[in-house]
Amino acid sequence: MIKQLTLTVLAASVLSACSMAPKYTRPDAPVAANYETSSATASNAPRASEMGWRALFGDQRLQALISAALANNRDLRVAALRIEEARSLYNIQSADRLPNLNGVATGNRARTPAALSSTGSSVVTSNYQVGLSLASFELDFFGRVRSLSDAALAQYLSTEEAQRSAHITLVSEVAKAYLAERSFAEQQALAQQTYEARAAAYDLSKQRFEVGASSGLDLRQDEALTQNAKVAELTLRRQRAQALNALTLLVGQPLTDLPPAQPLSEQTIRTDLFIGMPSDLLTQRPDIRSAEQSLLAANANIGAARAAFFPRISLTAGVGTASNELSGLFEGGSRAWSFAPQLVLPIFQGGRNIANLNLTEVRKNIAVANYEKSIQVAFREVSDALVARDLLDEQIEAQRLAQVAQEQRLNLADQRFQNGISSSLDVLDAQRELFSAQLTLVQARLLRLTNAVDLYRSLGGGLLETTVAQAPAK
(Lines give C-alpha, C1' and ligand atoms only; values in the text may rest on other atoms or scores of the structure.)
Protein backbone atom coordinates (compact mmCIF):
# COMPACT_ATOMS: atom_id res chain seq x y z
CA MET A 1 0.00 0.00 0.00
CA ILE A 2 2.83 2.43 0.88
CA LYS A 3 4.49 1.66 -2.45
CA GLN A 4 1.28 2.32 -4.33
CA LEU A 5 0.72 5.57 -2.44
CA THR A 6 4.28 6.70 -3.21
CA LEU A 7 3.88 5.95 -6.90
CA THR A 8 0.59 7.84 -6.97
CA VAL A 9 2.11 10.93 -5.36
CA LEU A 10 5.10 10.86 -7.73
CA ALA A 11 2.83 10.56 -10.73
CA ALA A 12 0.76 13.46 -9.47
CA SER A 13 3.85 15.62 -9.07
CA VAL A 14 4.85 14.91 -12.68
CA LEU A 15 1.39 15.63 -14.03
CA SER A 16 1.16 18.83 -12.01
CA ALA A 17 4.06 20.29 -13.97
CA CYS A 18 1.59 21.81 -16.43
CA SER A 19 0.10 25.26 -15.89
CA MET A 20 -2.86 27.05 -17.41
CA ALA A 21 -1.45 30.51 -16.73
CA PRO A 22 -1.00 32.67 -19.85
CA LYS A 23 2.53 32.86 -21.23
CA TYR A 24 4.06 35.99 -19.73
CA THR A 25 5.31 38.64 -22.14
CA ARG A 26 6.81 41.80 -20.72
CA PRO A 27 4.78 44.83 -21.92
CA ASP A 28 6.60 47.30 -24.14
CA ALA A 29 7.97 50.33 -22.29
CA PRO A 30 5.64 53.27 -23.08
CA VAL A 31 8.48 55.82 -23.18
CA ALA A 32 10.92 57.21 -25.74
CA ALA A 33 14.01 55.21 -26.64
CA ASN A 34 16.35 58.01 -25.50
CA TYR A 35 16.37 60.91 -23.08
CA GLU A 36 15.87 64.33 -24.61
CA THR A 37 18.85 66.01 -23.01
CA SER A 38 22.18 67.38 -24.07
CA SER A 39 23.83 65.86 -21.02
CA ALA A 40 26.74 63.59 -21.84
CA THR A 41 28.33 61.16 -19.39
CA ALA A 42 31.34 58.97 -19.97
CA SER A 43 30.59 55.30 -20.54
CA ASN A 44 32.98 54.37 -17.74
CA ALA A 45 31.12 56.54 -15.22
CA PRO A 46 29.78 54.69 -12.16
CA ARG A 47 26.29 53.27 -12.27
CA ALA A 48 23.94 54.50 -9.57
CA SER A 49 22.59 50.97 -9.06
CA GLU A 50 26.13 49.77 -8.26
CA MET A 51 27.10 52.65 -5.98
CA GLY A 52 26.44 52.69 -2.25
CA TRP A 53 25.19 55.87 -0.64
CA ARG A 54 28.42 56.29 1.34
CA ALA A 55 30.27 56.82 -1.94
CA LEU A 56 27.77 59.52 -2.91
CA PHE A 57 27.76 61.66 0.24
CA GLY A 58 30.98 62.99 1.74
CA ASP A 59 29.43 64.82 4.72
CA GLN A 60 30.15 62.76 7.86
CA ARG A 61 27.10 64.20 9.63
CA LEU A 62 24.84 63.18 6.75
CA GLN A 63 26.32 59.68 6.70
CA ALA A 64 25.62 59.33 10.42
CA LEU A 65 22.03 60.49 9.92
CA ILE A 66 21.42 58.00 7.10
CA SER A 67 22.90 55.14 9.13
CA ALA A 68 20.64 55.98 12.06
CA ALA A 69 17.60 56.24 9.78
CA LEU A 70 18.25 52.82 8.23
CA ALA A 71 18.39 51.35 11.72
CA ASN A 72 15.48 53.20 13.32
CA ASN A 73 13.02 54.46 10.70
CA ARG A 74 9.64 52.85 11.39
CA ASP A 75 8.43 52.87 7.79
CA LEU A 76 11.51 50.94 6.70
CA ARG A 77 11.04 48.55 9.61
CA VAL A 78 7.47 47.88 8.49
CA ALA A 79 8.70 47.30 4.93
CA ALA A 80 11.18 44.70 6.21
CA LEU A 81 8.45 42.98 8.21
CA ARG A 82 6.27 42.93 5.11
CA ILE A 83 8.95 40.77 3.50
CA GLU A 84 8.73 38.28 6.34
CA GLU A 85 4.95 38.32 6.04
CA ALA A 86 5.04 37.68 2.29
CA ARG A 87 7.64 34.92 2.69
CA SER A 88 5.48 33.15 5.26
CA LEU A 89 2.44 33.41 2.97
CA TYR A 90 4.48 31.91 0.14
CA ASN A 91 5.70 29.04 2.33
CA ILE A 92 2.12 28.35 3.41
CA GLN A 93 0.88 28.31 -0.18
CA SER A 94 3.77 26.24 -1.54
CA ALA A 95 3.17 23.60 1.16
CA ASP A 96 -0.02 22.63 -0.69
CA ARG A 97 2.11 21.25 -3.55
CA LEU A 98 3.41 18.47 -1.29
CA PRO A 99 1.43 15.73 0.45
CA ASN A 100 0.70 16.24 4.14
CA LEU A 101 1.45 13.07 6.08
CA ASN A 102 0.24 12.84 9.67
CA GLY A 103 0.80 10.28 12.36
CA VAL A 104 -2.57 9.24 13.75
CA ALA A 105 -3.51 7.34 16.89
CA THR A 106 -7.20 6.94 17.76
CA GLY A 107 -9.14 5.06 20.35
CA ASN A 108 -12.87 4.52 20.73
CA ARG A 109 -15.02 2.65 23.28
CA ALA A 110 -18.79 2.53 23.01
CA ARG A 111 -21.63 0.77 24.90
CA THR A 112 -24.70 -0.36 23.01
CA PRO A 113 -27.77 -0.88 25.28
CA ALA A 114 -29.63 -4.17 25.23
CA ALA A 115 -32.65 -2.60 23.52
CA LEU A 116 -30.47 -1.76 20.48
CA SER A 117 -28.16 -4.76 20.54
CA SER A 118 -28.74 -7.62 18.11
CA THR A 119 -27.83 -10.06 20.87
CA GLY A 120 -30.47 -8.75 23.29
CA SER A 121 -27.87 -7.72 25.86
CA SER A 122 -25.70 -4.69 26.25
CA VAL A 123 -22.40 -4.76 24.37
CA VAL A 124 -19.21 -2.75 24.93
CA THR A 125 -17.02 -2.40 21.83
CA SER A 126 -13.49 -1.04 21.46
CA ASN A 127 -11.58 0.20 18.43
CA TYR A 128 -7.92 1.31 18.39
CA GLN A 129 -5.91 2.44 15.38
CA VAL A 130 -2.34 3.63 14.82
CA GLY A 131 -0.82 4.64 11.48
CA LEU A 132 -0.09 7.29 8.84
CA SER A 133 -2.70 9.31 6.99
CA LEU A 134 -2.61 11.35 3.81
CA ALA A 135 -5.01 14.25 4.28
CA SER A 136 -6.82 15.21 1.08
CA PHE A 137 -3.85 15.75 -1.23
CA GLU A 138 -4.90 17.44 -4.49
CA LEU A 139 -3.52 15.96 -7.70
CA ASP A 140 -2.67 19.18 -9.50
CA PHE A 141 -3.39 17.99 -13.06
CA PHE A 142 -4.36 21.47 -14.28
CA GLY A 143 -1.83 23.54 -12.33
CA ARG A 144 -4.23 25.28 -9.94
CA VAL A 145 -2.07 24.76 -6.85
CA ARG A 146 1.10 25.53 -8.78
CA SER A 147 -0.35 28.77 -10.12
CA LEU A 148 -1.34 29.86 -6.61
CA SER A 149 2.18 29.04 -5.41
CA ASP A 150 3.74 30.99 -8.30
CA ALA A 151 1.50 33.95 -7.50
CA ALA A 152 2.56 33.87 -3.85
CA LEU A 153 6.23 33.71 -4.84
CA ALA A 154 5.87 36.67 -7.21
CA GLN A 155 4.09 38.63 -4.50
CA TYR A 156 6.92 37.84 -2.11
CA LEU A 157 9.50 39.06 -4.62
CA SER A 158 7.41 42.18 -5.26
CA THR A 159 7.41 42.92 -1.53
CA GLU A 160 11.16 42.45 -1.39
CA GLU A 161 11.66 44.89 -4.25
CA ALA A 162 9.29 47.33 -2.54
CA GLN A 163 11.50 47.16 0.55
CA ARG A 164 14.55 47.95 -1.60
CA SER A 165 12.68 50.91 -3.06
CA ALA A 166 11.78 52.08 0.45
CA HIS A 167 15.45 51.79 1.43
CA ILE A 168 16.58 53.99 -1.47
CA THR A 169 13.75 56.46 -0.92
CA LEU A 170 14.63 56.79 2.76
CA VAL A 171 18.28 57.51 1.96
CA SER A 172 17.31 60.24 -0.51
CA GLU A 173 14.66 61.75 1.80
CA VAL A 174 17.08 61.94 4.73
CA ALA A 175 19.66 63.60 2.48
CA LYS A 176 17.17 66.15 1.15
CA ALA A 177 15.77 66.89 4.60
CA TYR A 178 19.29 67.45 5.93
CA LEU A 179 20.18 69.72 3.01
CA ALA A 180 16.95 71.66 3.50
CA GLU A 181 17.77 72.17 7.18
CA ARG A 182 21.27 73.39 6.22
CA SER A 183 19.74 75.77 3.68
CA PHE A 184 17.36 77.25 6.22
CA ALA A 185 20.24 77.57 8.72
CA GLU A 186 22.34 79.55 6.23
CA GLN A 187 19.42 81.73 5.18
CA GLN A 188 18.57 82.38 8.82
CA ALA A 189 22.17 83.45 9.48
CA LEU A 190 21.98 85.86 6.53
CA ALA A 191 18.66 87.22 7.77
CA GLN A 192 20.09 87.68 11.26
CA GLN A 193 23.11 89.57 9.88
CA THR A 194 20.87 91.72 7.70
CA TYR A 195 18.58 92.48 10.62
CA GLU A 196 21.48 93.52 12.83
CA ALA A 197 22.89 95.77 10.09
CA ARG A 198 19.51 97.35 9.43
CA ALA A 199 18.84 97.80 13.14
CA ALA A 200 22.13 99.69 13.45
CA ALA A 201 21.21 101.79 10.40
CA TYR A 202 17.80 102.47 11.91
CA ASP A 203 19.39 103.70 15.17
CA LEU A 204 21.61 106.02 13.16
CA SER A 205 18.61 107.21 11.14
CA LYS A 206 16.78 108.02 14.39
CA GLN A 207 19.69 110.11 15.56
CA ARG A 208 19.83 111.96 12.25
CA PHE A 209 16.09 112.55 12.38
CA GLU A 210 16.27 113.90 15.93
CA VAL A 211 18.82 116.52 14.92
CA GLY A 212 16.92 117.35 11.73
CA ALA A 213 19.49 115.84 9.35
CA SER A 214 16.93 113.51 7.72
CA SER A 215 13.23 113.38 7.08
CA GLY A 216 10.54 111.29 8.73
CA LEU A 217 10.11 109.42 5.43
CA ASP A 218 13.71 108.21 5.59
CA LEU A 219 13.20 107.13 9.20
CA ARG A 220 10.06 105.11 8.42
CA GLN A 221 11.69 103.46 5.43
CA ASP A 222 14.61 102.35 7.62
CA GLU A 223 12.15 101.08 10.22
CA ALA A 224 10.15 99.13 7.62
CA LEU A 225 13.28 97.46 6.21
CA THR A 226 14.42 96.56 9.73
CA GLN A 227 11.10 94.93 10.58
CA ASN A 228 11.03 93.13 7.23
CA ALA A 229 14.43 91.64 8.03
CA LYS A 230 13.13 90.59 11.45
CA VAL A 231 10.11 88.91 9.84
CA ALA A 232 12.39 87.07 7.41
CA GLU A 233 14.63 85.91 10.26
CA LEU A 234 11.68 84.64 12.31
CA THR A 235 10.18 82.88 9.28
CA LEU A 236 13.44 81.11 8.48
CA ARG A 237 13.91 80.17 12.14
CA ARG A 238 10.47 78.52 12.10
CA GLN A 239 11.19 76.75 8.82
CA ARG A 240 14.51 75.46 10.13
CA ALA A 241 12.87 74.11 13.29
CA GLN A 242 10.22 72.34 11.21
CA ALA A 243 12.91 70.93 8.92
CA LEU A 244 14.70 69.55 11.99
CA ASN A 245 11.45 67.94 13.13
CA ALA A 246 10.99 66.31 9.71
CA LEU A 247 14.59 65.07 9.78
CA THR A 248 14.13 63.66 13.29
CA LEU A 249 11.04 61.76 12.16
CA LEU A 250 12.94 60.24 9.24
CA VAL A 251 15.92 59.29 11.41
CA GLY A 252 13.67 57.80 14.07
CA GLN A 253 15.65 59.04 17.06
CA PRO A 254 16.87 62.34 18.59
CA LEU A 255 19.62 64.07 16.61
CA THR A 256 22.44 63.88 19.17
CA ASP A 257 26.16 63.02 19.15
CA LEU A 258 26.59 63.88 15.47
CA PRO A 259 29.67 65.14 13.59
CA PRO A 260 29.72 68.87 12.75
CA ALA A 261 27.67 69.99 9.77
CA GLN A 262 29.14 71.33 6.53
CA PRO A 263 27.76 74.39 4.72
CA LEU A 264 26.04 73.91 1.37
CA SER A 265 28.96 75.44 -0.51
CA GLU A 266 31.22 72.60 0.73
CA GLN A 267 28.82 69.72 0.07
CA THR A 268 30.04 67.34 -2.62
CA ILE A 269 27.53 64.95 -4.17
CA ARG A 270 28.52 63.12 -7.34
CA THR A 271 26.53 63.80 -10.47
CA ASP A 272 28.82 62.15 -13.05
CA LEU A 273 26.72 58.98 -13.09
CA PHE A 274 26.23 56.67 -16.04
CA ILE A 275 22.84 57.48 -17.56
CA GLY A 276 22.34 54.70 -20.08
CA MET A 277 19.06 54.15 -21.91
CA PRO A 278 15.48 54.32 -20.60
CA SER A 279 15.27 50.54 -21.03
CA ASP A 280 17.98 50.18 -18.37
CA LEU A 281 15.50 51.43 -15.79
CA LEU A 282 13.54 48.17 -16.09
CA THR A 283 16.33 46.34 -14.28
CA GLN A 284 17.83 49.19 -12.24
CA ARG A 285 14.74 50.57 -10.50
CA PRO A 286 13.36 48.38 -7.68
CA ASP A 287 9.92 50.02 -7.90
CA ILE A 288 9.65 48.91 -11.55
CA ARG A 289 10.83 45.41 -10.66
CA SER A 290 8.25 45.34 -7.86
CA ALA A 291 5.48 46.35 -10.28
CA GLU A 292 6.55 43.62 -12.70
CA GLN A 293 6.48 40.98 -9.97
CA SER A 294 2.94 42.10 -9.10
CA LEU A 295 2.10 41.66 -12.78
CA LEU A 296 3.56 38.14 -12.73
CA ALA A 297 1.45 37.35 -9.65
CA ALA A 298 -1.69 38.55 -11.44
CA ASN A 299 -0.75 36.44 -14.47
CA ALA A 300 -0.35 33.33 -12.31
CA ASN A 301 -3.73 33.94 -10.66
CA ILE A 302 -5.34 33.70 -14.10
CA GLY A 303 -3.95 30.16 -14.36
CA ALA A 304 -5.55 29.23 -11.04
CA ALA A 305 -8.87 30.75 -12.14
CA ARG A 306 -8.79 28.80 -15.42
CA ALA A 307 -8.00 25.55 -13.63
CA ALA A 308 -11.15 25.99 -11.51
CA PHE A 309 -13.23 25.07 -14.58
CA PHE A 310 -11.74 21.57 -14.67
CA PRO A 311 -12.15 18.57 -12.34
CA ARG A 312 -10.34 18.62 -9.04
CA ILE A 313 -9.00 15.26 -7.89
CA SER A 314 -7.84 14.71 -4.33
CA LEU A 315 -6.60 11.68 -2.42
CA THR A 316 -7.27 10.70 1.16
CA ALA A 317 -5.49 7.59 2.36
CA GLY A 318 -4.24 5.88 5.47
CA VAL A 319 -2.16 2.87 6.47
CA GLY A 320 -1.49 1.36 9.90
CA THR A 321 -2.80 -1.21 12.36
CA ALA A 322 -6.18 -1.64 14.03
CA SER A 323 -7.50 -3.82 16.83
CA ASN A 324 -10.25 -3.97 19.40
CA GLU A 325 -7.59 -4.31 22.09
CA LEU A 326 -4.59 -2.07 22.76
CA SER A 327 -2.41 -5.13 23.22
CA GLY A 328 -3.36 -6.39 19.76
CA LEU A 329 -2.42 -3.32 17.74
CA PHE A 330 0.88 -4.75 16.52
CA GLU A 331 0.00 -8.42 16.30
CA GLY A 332 -0.10 -10.29 13.04
CA GLY A 333 -3.16 -9.68 10.90
CA SER A 334 -3.87 -6.23 12.40
CA ARG A 335 -2.73 -4.32 9.31
CA ALA A 336 -5.36 -1.86 8.03
CA TRP A 337 -5.49 0.66 5.16
CA SER A 338 -7.89 2.97 3.42
CA PHE A 339 -7.83 4.70 0.06
CA ALA A 340 -10.47 7.31 -0.85
CA PRO A 341 -9.93 9.26 -4.09
CA GLN A 342 -12.39 12.07 -4.77
CA LEU A 343 -13.23 13.82 -8.03
CA VAL A 344 -15.14 17.10 -7.97
CA LEU A 345 -16.45 18.32 -11.32
CA PRO A 346 -17.91 21.86 -11.36
CA ILE A 347 -21.33 21.72 -13.03
CA PHE A 348 -23.24 24.73 -11.76
CA GLN A 349 -21.56 27.47 -9.78
CA GLY A 350 -23.94 30.33 -10.45
CA GLY A 351 -21.32 32.06 -12.61
CA ARG A 352 -18.77 32.11 -9.78
CA ASN A 353 -15.90 30.64 -11.79
CA ILE A 354 -16.52 32.90 -14.78
CA ALA A 355 -16.70 35.95 -12.55
CA ASN A 356 -13.51 34.91 -10.77
CA LEU A 357 -11.71 34.49 -14.11
CA ASN A 358 -12.93 37.90 -15.24
CA LEU A 359 -11.73 39.35 -11.94
CA THR A 360 -8.23 37.93 -12.36
CA GLU A 361 -8.02 39.25 -15.92
CA VAL A 362 -9.12 42.72 -14.83
CA ARG A 363 -6.55 42.65 -12.03
CA LYS A 364 -3.88 41.71 -14.55
CA ASN A 365 -4.87 44.66 -16.73
CA ILE A 366 -4.60 46.88 -13.65
CA ALA A 367 -1.16 45.44 -12.94
CA VAL A 368 -0.11 46.14 -16.53
CA ALA A 369 -1.26 49.75 -16.22
CA ASN A 370 0.58 50.15 -12.90
CA TYR A 371 3.72 48.63 -14.41
CA GLU A 372 3.60 50.96 -17.41
CA LYS A 373 2.94 53.95 -15.17
CA SER A 374 5.93 53.09 -12.98
CA ILE A 375 8.10 53.14 -16.11
CA GLN A 376 6.68 56.49 -17.22
CA VAL A 377 7.21 58.00 -13.76
CA ALA A 378 10.80 56.73 -13.70
CA PHE A 379 11.45 58.15 -17.19
CA ARG A 380 10.11 61.54 -16.16
CA GLU A 381 12.13 61.62 -12.93
CA VAL A 382 15.36 60.85 -14.77
CA SER A 383 14.57 63.37 -17.52
CA ASP A 384 13.76 66.09 -14.98
CA ALA A 385 16.97 65.39 -13.07
CA LEU A 386 19.07 65.50 -16.25
CA VAL A 387 17.55 68.78 -17.42
CA ALA A 388 18.17 70.35 -14.02
CA ARG A 389 21.74 68.99 -13.89
CA ASP A 390 22.53 70.65 -17.22
CA LEU A 391 21.25 74.07 -16.13
CA LEU A 392 21.72 74.42 -12.37
CA ASP A 393 25.50 74.94 -12.46
CA GLU A 394 25.00 77.80 -14.92
CA GLN A 395 22.19 79.18 -12.76
CA ILE A 396 24.37 79.14 -9.64
CA GLU A 397 27.21 80.90 -11.42
CA ALA A 398 24.86 83.54 -12.81
CA GLN A 399 23.35 84.05 -9.36
CA ARG A 400 26.81 84.35 -7.79
CA LEU A 401 27.73 87.05 -10.28
CA ALA A 402 24.43 88.78 -9.56
CA GLN A 403 25.25 88.77 -5.84
CA VAL A 404 28.71 90.22 -6.53
CA ALA A 405 27.09 92.94 -8.64
CA GLN A 406 24.64 93.73 -5.83
CA GLU A 407 27.50 93.97 -3.32
CA GLN A 408 29.32 96.43 -5.58
CA ARG A 409 26.10 98.36 -6.12
CA LEU A 410 25.61 98.66 -2.36
CA ASN A 411 29.17 99.93 -1.87
CA LEU A 412 28.73 102.56 -4.58
CA ALA A 413 25.32 103.64 -3.26
CA ASP A 414 26.70 103.94 0.25
CA GLN A 415 29.63 106.05 -1.01
CA ARG A 416 27.30 108.34 -2.96
CA PHE A 417 25.07 108.70 0.12
CA GLN A 418 28.01 109.52 2.37
CA ASN A 419 29.16 112.18 -0.10
CA GLY A 420 25.65 113.61 -0.33
CA ILE A 421 25.24 112.77 -4.00
CA SER A 422 22.20 110.46 -3.59
CA SER A 423 19.54 109.83 -0.97
CA SER A 424 19.30 106.97 1.46
CA LEU A 425 16.64 105.38 -0.76
CA ASP A 426 19.34 104.14 -3.12
CA VAL A 427 21.18 102.53 -0.21
CA LEU A 428 18.04 100.92 1.16
CA ASP A 429 17.09 99.55 -2.24
CA ALA A 430 20.61 98.14 -2.75
CA GLN A 431 20.50 96.49 0.69
CA ARG A 432 17.14 94.89 -0.09
CA GLU A 433 18.33 93.58 -3.46
CA LEU A 434 21.57 92.21 -1.99
CA PHE A 435 19.69 90.33 0.73
CA SER A 436 17.38 88.83 -1.89
CA ALA A 437 20.35 87.82 -4.06
CA GLN A 438 22.07 86.15 -1.09
CA LEU A 439 18.98 84.09 -0.25
CA THR A 440 18.48 83.12 -3.88
CA LEU A 441 22.07 81.89 -4.15
CA VAL A 442 21.62 79.63 -1.12
CA GLN A 443 18.38 78.28 -2.60
CA ALA A 444 20.07 77.63 -5.95
CA ARG A 445 22.83 75.64 -4.23
CA LEU A 446 20.17 73.64 -2.42
CA LEU A 447 18.48 72.89 -5.76
CA ARG A 448 21.72 71.62 -7.25
CA LEU A 449 22.40 69.32 -4.30
CA THR A 450 18.86 67.94 -4.11
CA ASN A 451 18.98 67.42 -7.88
CA ALA A 452 22.08 65.26 -7.43
CA VAL A 453 20.22 63.20 -4.84
CA ASP A 454 17.17 62.88 -7.12
CA LEU A 455 19.34 61.78 -10.05
CA TYR A 456 20.96 59.08 -7.92
CA ARG A 457 17.58 57.81 -6.71
CA SER A 458 15.86 58.01 -10.11
CA LEU A 459 18.61 55.93 -11.72
CA GLY A 460 18.00 53.14 -9.22
CA GLY A 461 20.82 53.85 -6.75
CA GLY A 462 22.17 52.16 -4.93
CA LEU A 463 23.63 49.10 -3.31
CA LEU A 464 21.91 48.13 -0.07
CA GLU A 465 24.32 48.46 2.83
CA THR A 466 22.07 46.53 5.19
CA THR A 467 21.01 42.88 5.28
CA VAL A 468 18.29 42.02 2.79
CA ALA A 469 16.07 38.95 3.11
CA GLN A 470 16.84 36.22 0.58
CA ALA A 471 14.20 34.77 -1.71
CA PRO A 472 12.98 31.30 -0.81
CA ALA A 473 13.81 28.43 -3.10
CA LYS A 474 11.19 28.02 -5.79
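Angles under 35 degrees count as roughly parallel, those over 145 as roughly antiparallel, 65 to 115 as roughly perpendicular, and the rest as oblique. This is a predicted model, in which local features need pLDDT of at least 70 and side-chain atom pairs count only at pLDDT 80 or more, while totals for chains, interfaces and linings use all residues. Residues are numbered from 1 along each chain as its sequence is written, and side-chain values use heavy atoms, with hydrogens and water left out.

**View 1. Helix 8 (residues 286-307) meets helix 9 (residues 352-418).** Helices here are DSSP runs (H or I, at least four residues), as are strands (E, at least two), both numbered from the N terminus. The axes of helix 8 and helix 9 come within 9 Å and cross at roughly 165 degrees; each axis is a line fitted to C-alpha atoms, for helices over the stretch in contact, and angles run from 0 to 180 degrees between N-to-C directions. The two helices, helix 8 and helix 9, are therefore roughly antiparallel to each other. Their crossing is left-handed, a term used if the near helix is turned anticlockwise from the far one by less than a right angle (right-handed if clockwise). The residues in the contact of helix 8 with helix 9 divide into 12 nonpolar, 7 polar and 5 charged. For these classes, Ala, Val, Leu, Ile, Met, Phe, Trp, Tyr, Cys and Pro are nonpolar, Asp, Glu, Lys and Arg are charged, and the others, Gly among them, are polar.

**View 2. Arg352 in helix 9.** Arg352 is exposed, with a relative accessible area of 59%. On this scale, buried means under 20% relative accessible area, exposed over 50%, and partly exposed in between (1.4 Å probe, protein chains only). Look for Ala308 as well: Arg352 and Ala308 are 44 residues apart in sequence and 9.9 Å apart in space, C-alpha to C-alpha.

**View 3. Aromatic pairs, of which the whole structure has 2.** Rings of Phe, Tyr and Trp (its six-membered ring) pair if their centres lie within 6.5 Å; planes under 30 degrees apart count as stacked, over 60 as edge-to-face, and the rest as tilted. Tyr35 and Phe379 are stacked, at 5.3 Å centre to centre with 15 degrees between the planes. This pair links distant parts of the chain, 344 residues apart: Tyr35 is in the loop between helix 1 (2-15) and helix 2 (53-56), and Phe379 is in helix 9. Both Tyr35 and Phe379 are buried.

Phe142 and Phe310 also form a stacked pair, 4.8 Å centre to centre with 25 degrees between the planes. Phe142 lies in the loop between strand 2 (123-139) and helix 5 (144-210), and Phe310 in the loop between helix 8 and strand 3 (312-323), so the pair ties together parts 168 residues apart in sequence. Phe142 is partly exposed, with a relative accessible area of 28%, and Phe310 is partly exposed at 33%.

**View 4. Helix 5 alongside helix 6 (residues 216-251).** Helix 5 and helix 6 pack at an angle of about 160 degrees, with their axes 7 Å apart. Helix 5 passes helix 6 in a left-handed crossing. Their contact holds 21 nonpolar, 8 polar and 13 charged residues.

**View 5. Helix 9 with helix 10 (residues 424-458).** The axes of helix 9 and helix 10 are 8 Å apart, and the packing angle is about 160 degrees. That makes helix 9 roughly antiparallel to helix 10. By class, the contact of helix 9 with helix 10 has 17 nonpolar, 10 polar and 14 charged residues.
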